[in-house]
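This report describes selected local features of one structure.

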Amino acid sequence: MTNLQGIAASSGIAIAKVYRLEAPDLSYSKKDIDQPEQEIKRLHDALDVSKSELEKIKEHTKNTLGDEHAEIFSAHLLVLSDPELIKPIEDKIKAENVNAEAGLDETANMFIDMFKNMDNEYMRERAADIHDVTKRVMAHLLNVTFPDPALINEEVVIVADDLTPSDTAQLNKQYVKGFTTDIGGRTSHSAIMARSLEIPAVVGTKDVTSKAPKDSLIIVDGINGDVIIEPTEEQVNDYKQKQEDFEQKKKEWAKLKDEPTVTAEGDHVELAANIGTPQDVDGVLNNGGEGVGLYRTEFLYMGKSQLPTEEEQFDSYSTVLKQMGDKPVVVRTLDIGGDKELDYLDLPDEMNPFLGYRAIRLCLERDDIFRVQLRALLRASVHGNLKIMFPMIATLDEFRQAKAILDEEKEKLVNEGKEVSETIEVGMMVEIPATAVIARQFAKEVDFFSIGTNDLIQYTMAADRMNERVSYLYQPYNPAILNLINNVIEAAHAEGKWAGMCGEMAGDEIAIPILLSLGLDEFSMSATSILPARTQIRTLSKEDWISYKDELLSKGTSDEVVDFVKEKTQSR
Ligand code: PEP
Ligand code: MG
């Protein structure tokens with residue numbers, strides 16, 4: 001039995017056997033052979049298995065994430081059947097009398113190098129496709145397992161160094177009972193996605209991959225952040241009990257699904273949800289969400305081989321807006337960069353991706369990409385209650401430029417005779433400290449703020465949100481953060497605007513009374529946090545908490561803030 005402590009990233013308890021998700025060793029030796037026909041047959045067998053796997057993954061992705069995401073696998077399937085790739089591999093095997101591994105690898109690399117350096121974006125995308133699919137074919141030639149989370153068909157807990165957002169998107173909830181990783185924090189995007197998929201997760205354990213043998217039993221406690229490898233029978237029984245208690249609690253919370261979110265005195269605050277895809281909307285409504293406070297549109301752009309078209313985007317945005325009816329839907333424009341990459345844009349590697357070329361910085365330069373998204377959003381606006389916000393704004397100039405482009409696209413659409421809503425609010429994320437400090441100046445020009453604490457905390461504390469080694473500095477309750485948040489809310493209210501929060505802090509049990517005290521208007525969180533938050537808010541007196549505001553803001557440390565909140569919540 002081994003106990004590890006990590007960061008509780010998605011609540012719930014999982015007990016199942018370990019499935020190790022790791023990159024396979026694809027090294028091979030080049031061999032001279034004398035029966036090329038046999039090698040060609042091995043090649044075709046490997047191609048056939050790869051094709052049938054990709055068909056299954058495509059089908060699975062279509063069902064869970066929709067057609068657009070499944071498209072990348074259609075592109076991969078095309079590569080595997082393309083005679084212009086397969087024939088040269090066969091020729092090489094025959095002409096040079098080499099084994100299938102060498103024929104595949106050398107031919108694929110030749111095409112990848114050729115396509116990668118072309119000016120044409122389409123050809124560069126093909127290089128990425130060839131790279132992806134040949135890895136799978138190679139694994140089959142070498143008889144090594146190629147891990148495919150989408151193809152898992154028994155109950156497991158995934159153990160990995162890290163999970164990319166696209167790995168996470170492939171997880172099938174029916175079989176994947178939980179996951180645990182060496183690296184990552186509560187606000188890394190795989191953790192955020194685990195919460196929308198309602199899969200228990202513990203991240204940042206530092207060394208679960210070196211401690212958890214394949215197929216051994218493992219417990220992941222996503223409520224407290226514990227991971228137990230090869231537990232005793234007694235521990236298994238204890239955790240089964242905890243699992244049942246958690247299910248029981250969920251039933252209690254569910255009773256508030258259609259109730260309003262009110263404080264003890266009956267003051268209403270809005271509880272909205274964060275989503276990544278239109279498929280997440282069901283979870284929002286099932287958990288009693290009063291709106292969507294953050295639609296992370298970048299997932300539309302990820303796990304694909306090319307940019308989504310205006311029509312594809314229009315479909316996704318309209319679907320969400322229609323499903324939400326008259327409830328507000330805050331859509332954030334593309335926030336790519338940081339831990340969210342787009343292979344097909346071929347962006348240069350950066351020393352500090354979280355401080356680099358991302359989000360609005362990229363959109364203002366690549367306004368061809370930005371304008372397509374804005375047009376799709378503006379056209380979809382007639383289907384519901386749309387609000388648009390820009391991510392990673394650092395300066396007022398950036399906000400003005402983004403807004404000007406939006407206005408231009410709106411005017412163009414109107415001139416083309418297209419219908420666009422006249423009541424779209426346009427706001428911004430406050431996630432860079434510079435904007436929180438001078439929120440008063442911004443408040444005059446925006447319709448609303450949404451505070452992105454996931455980034456605001458990492459930039460204010462200079463502590464990478466993905467790095468578990470500095471996670472002790474990633475302090476949501478640090479008085480520096482609370483004072484910045486207060487500044488933003490006060491600035492908004494002084495200008496008659498509203499302030500929401502869409503960072504993970506908005507759904508945090510300790511933070512909720514503090515945010516109520518600071519006067520936050522809208523709390524947007526993972527859908528699964530909504531009902532526990534509603535339950536909690538009904539016990540809190542807003543009046544009392546407002547009276548604690550000055551004391552909270554003048555505390556010296558995060559621990560002092562936490563102690564104060566615990567004392568006040570327990571004394572009720
Ligand atoms: C944030 O930074 O708080 C936020 C909500 O955006 P993301 O987590 O997508 O960076
Ligand atoms: Mg952010």
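## Cysteines

Cys-363 is a buried residue, and its relative accessible area is 1%. The model is predicted, and a search of the whole structure returns zero disulfides. Cys-363 accordingly takes part in no disulfide; the nearest cysteine sulfur belongs to Cys-502 and is 16 Å away.

A disulfide would require the two sulfur atoms to lie within 2.5 Å. Cys-502 is likewise buried, with a relative accessible area of 1%.

## The site of ligand 1

Which residues come nearest to ligand 1? The ligand has 14 residues around it, and those that come nearest are Arg-296, Arg-332, Gly-452, Asn-454 and Arg-465.

Two elements, strand β10 (292-296) and helix α18 (453-461), each supply at least two residues of the shell around the ligand. Helix α18 gives the most to this shell, with three residues.

Helix α14 spans residues 367-380 and includes Gln-373. Is Gln-373 buried or exposed? Gln-373 has a relative accessible area of 1% and is therefore buried, the limit for that class being under 20%. The side chain of Gln-373 makes a polar contact of 3.0 Å with the side chain of Thr-297.

Arg-379 also lies in helix α14. The relative accessible area of Arg-379 is 14%, and this residue too counts as buried. The side chain of Arg-379 is joined to that of Glu-311 by a polar contact of 3.1 Å.

Most residues other than glycine have a negative phi. Glu-198, which is not a glycine, has a positive phi of about 60°. Glu-198 is found in the loop that runs between α7 (189-197) and β6 (201-203). With a relative accessibility of 34%, Glu-198 is partly exposed.

Lys-206 is another residue other than glycine with a positive phi, here near 70°. Lys-206 is placed in the loop between β6 and α8 (208-211), and at 44% relative accessibility it counts as partly exposed.

At 26% relative accessibility, Asp-207 is partly exposed. How far apart are the C-alpha atoms of Asp-207 and Ser-471? These C-alpha atoms are separated by 15 Å, while the two residues are 264 residues apart along the chain.

Thr-168 lies in helix α6, which covers residues 165-169. Thr-168 is buried, with a relative accessibility of 0%. The C-alpha atom of Thr-168 is 6.0 Å from that of Ser-190, a residue 22 positions away along the chain.

Glu-445 is located in the loop between α17 (439-443) and β14 (448-451), and its relative accessibility of 31% makes it partly exposed. Glu-445 and Gln-475 are 30 residues apart along the chain, and a distance of 30 Å separates their C-alpha atoms.

Definitions and conventions. Residues are numbered from 1 along each chain as its sequence is written. Chains are lettered from A and ligands numbered from 1 in the order in which they are written. This is a predicted model: local features need pLDDT of at least 70, side-chain atom pairs count only at pLDDT 80 or more; totals for chains, interfaces and linings use all residues. Side-chain values use heavy atoms; hydrogens and water are left out. Buried means under 20% relative accessible area, exposed over 50%, partly exposed in between (1.4 Å probe, protein chains only). A residue is near a molecule or strand if one of its heavy atoms lies within 4 Å of it. Helices (H or I, at least four residues) and strands (E, at least two) are DSSP runs, numbered from the N terminus. A polar contact is a pair of N or O atoms within 3.5 Å; within protein, one must be able to donate a hydrogen and the other to accept it, and residues adjacent in sequence count only if both atoms are side-chain atoms.
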